[in-house]
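Subject: Model for your files

Hello,

Here is the model I said I would pass on. My notes on it follow below the structure.

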Amino acid sequence: MPSTMEHAAHLSAIIGPRGSTTDREREAAEYAVQTFRALGLEPRVEPFVSATSAWRPFAIATGGMLLMIPVFFLGGRWIAALGLFLLILCVAMELAFAPNPLRWFVPKGRSQNVYAVLPPAGPVRQRVILCGHLDTHRTPWAFSSLRALAIYRALVTLGLPGAVGMGGLFLIGAATGNPNWGLPALLPGLLLAAVFGMAIQADLTPYTHGANDNATGAGMVLALAERLRREPLQHTEVWALCTGCEEVGAYGAAAFIRRHRDLGRPIFIVLDTLGGPGSGPCYLAQETMLLPLRSDPELLTLADRIARERPDLGAYRWPNFRGAYTDGAPAARAGWRVLTFVNLRPDGVLPHWHQPSDVYENVDPEVVARTEAFVWELLQAIDDMAERA
Ligand SMILES: [Zn+2]
């Protein structure tokens, strides 16, 4: 059976760029199905509908906010103020992964999750879901260099308070009937125009081959399924899950969680972007788009212990993954017990992230091997937990 690196080569080089909801993403799902079948497992495919772009909701929102400027100056001052606050509310909901009116206007497509169940040797006492996404992102200007990424992050961080400030000025202008209050609003308007431009540009760029993000994670889910087939855990049932549409707002993970509410509070381990040169096995204590989503404290403690006991693996904890999200976000929101692996370098950089250079040749097999060894140790420790329970 192929190793993680061999799966990663197949996904990134043979199938290639796997944009969310595209035929290539479907081909990657079919590859997962074939891999599970070859292991004698019964793969299950669950289709769902997803947005086709992560950027479009923000393009619509910032475009709408910019439109409120002429509305304000043409005399629709209350309409402009109200419209702006409604759009701000929608953006906040989008950042919190909540359904909102912006999603009505975003193009939709079909995608699918694939999973297979690996039974333990003994009776089932707990359940672990190993999750890796199959789809790949576009290659926007915002991710083209560290400098561009810093500019993009600054604009996004200032964008929301800027819009709130603009709304405040419009409100005063509407209440006093004095249109001059709209003039300082042109400043945050520039900020919103920049975000609008970036969001439009992003959707015009090609998809990346996604070797590191996330052929490594999805490949590791498949390779671990094979190892668990040979060496099952004692009391822990493992679900090997390859999701679609992570890159456009974790739609696949959200669809999976909705469909499997009956699982209670399973352990949900996310494997995402695990082969960047110079990175170690890195697990998140928290991820934050708008609201902080914390990893499970017990799983964090286990991971910390393994990191201490196995210094040869070079693993470390990352305090807070900001301005981005993983499949762990909807799981944490649903109250599932999450631990997410994202191999950030110690300086916080995610190598080749959403860049054309995210190809197989730039994945470090040694980092992948150490991460896989760490995740294997973690699975053993989780299984021991069930033993003691
Ligand atoms: Zn990813």
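The protein is divided into domain 1 (4–51 + 110–139 + 207–388) and domain 2 (56–104 + 143–202); these bounds come from an automatic or database domain assignment. This is a predicted model, in which local features need pLDDT of at least 70 and side-chain atom pairs count only at pLDDT 80 or more, while totals for chains, interfaces and linings use all residues. Residues are numbered from 1 along each chain as its sequence is written.

Domains

The C-alpha centres of domain 1 and domain 2 are 34 Å apart. Across the boundary, 17 residues of domain 1 are in contact with 12 residues of domain 2, where contact means that the C-beta atoms, placed from the backbone, lie within 7 Å. On the domain 1 side, helix H10 (residues 328–333) gives the most, with three residues. Helices (H or I, at least four residues) and strands (E, at least two) are DSSP runs, numbered from the N terminus. The domain 1 side divides into 10 nonpolar, five polar and two charged residues.

Core

The largest nonpolar core has 114 residues. Such a core is a set of buried Ala, Val, Leu, Ile, Met, Phe, Trp, Tyr and Cys residues joined through C-beta atoms within 7 Å. A residue is buried if 20 or more other C-beta atoms lie within 10 Å of its own, exposed if 12 or fewer, and partly exposed in between, with C-beta atoms placed from the backbone. Helix H7 (residues 211–230) supplies the largest share of this core, 10 residues. Domain 1 and domain 2 each contribute at least three residues to the core. The residues with the most contacts inside the core are Leu130, Val221, Ala240, Leu241, Ile269 and Leu271. Leaving aside neighbours within four places in sequence, Leu130 is in contact with Val221, Leu224, Val238, Ala240, Leu241, Ile269 and Leu271.

Helix H5

Helix H5 (residues 146–176) has 31 residues and should span 45 Å at 1.5 Å a residue; its end C-alpha atoms are 45 Å apart, which agrees. The expected span is 1.5 Å times one less than the number of residues. H5 has a kink of about 35° at Gly159, shortly before the proline Pro161; the bend at a residue is the angle between axes fitted to the seven residues ending there and the seven starting there. Gly159 is also one of the buried residues of H5, which include Leu149, Tyr152, Met166 and Phe170. The buried residues of H5 pack against helix H3 (56–73), helix H4 (77–95) and helix H6 (186–202). After H5 comes Gly177, with a positive phi near 70°.

In the loop between H5 and H6 is Asn180, which counts as exposed because it has 10 C-beta neighbours inside 10 Å. The C-alpha atoms of Asn180 and Phe73 are separated by 8.9 Å, although the two residues are 107 residues apart along the chain. Val71, in helix H3, has 17 C-beta neighbours inside 10 Å and so counts as partly exposed. Not counting residues up to four places away in sequence, Val71 touches Gly76, Ile79 and Ala80.

Backbone points to check by eye

A cis peptide bond joins Asp213 and Asn214, with omega about 10°; Asn214 is found in helix H7. Cys245 has a positive phi, near 55°, in a residue other than glycine. Cys245 sits in the loop between strand S4 (236–243) and helix H8 (251–259) and is buried, with 31 other C-beta atoms within 10 Å. Thr273, likewise not a glycine, has a positive phi near 65°. Thr273 is in the loop between strand S5 (267–272) and strand S6 (282–284), and with 28 C-beta neighbours inside 10 Å it counts as buried.

One more loop

Gly19 is found between helix H1 (4–15) and helix H2 (23–38) and is buried, with 22 other C-beta atoms within 10 Å. Beyond four places in sequence, Gly19 touches Arg24, Glu25, Asp135, Thr136 and Tyr207. Gly19 and Glu247 are 228 residues apart in sequence and 8.4 Å apart in space, C-alpha to C-alpha.

Regards

Terms used: Contact = placed C-beta atoms within 7 Å. Nonpolar A, V, L, I, M, F, W, Y, C, P; charged D, E, K, R; others polar.
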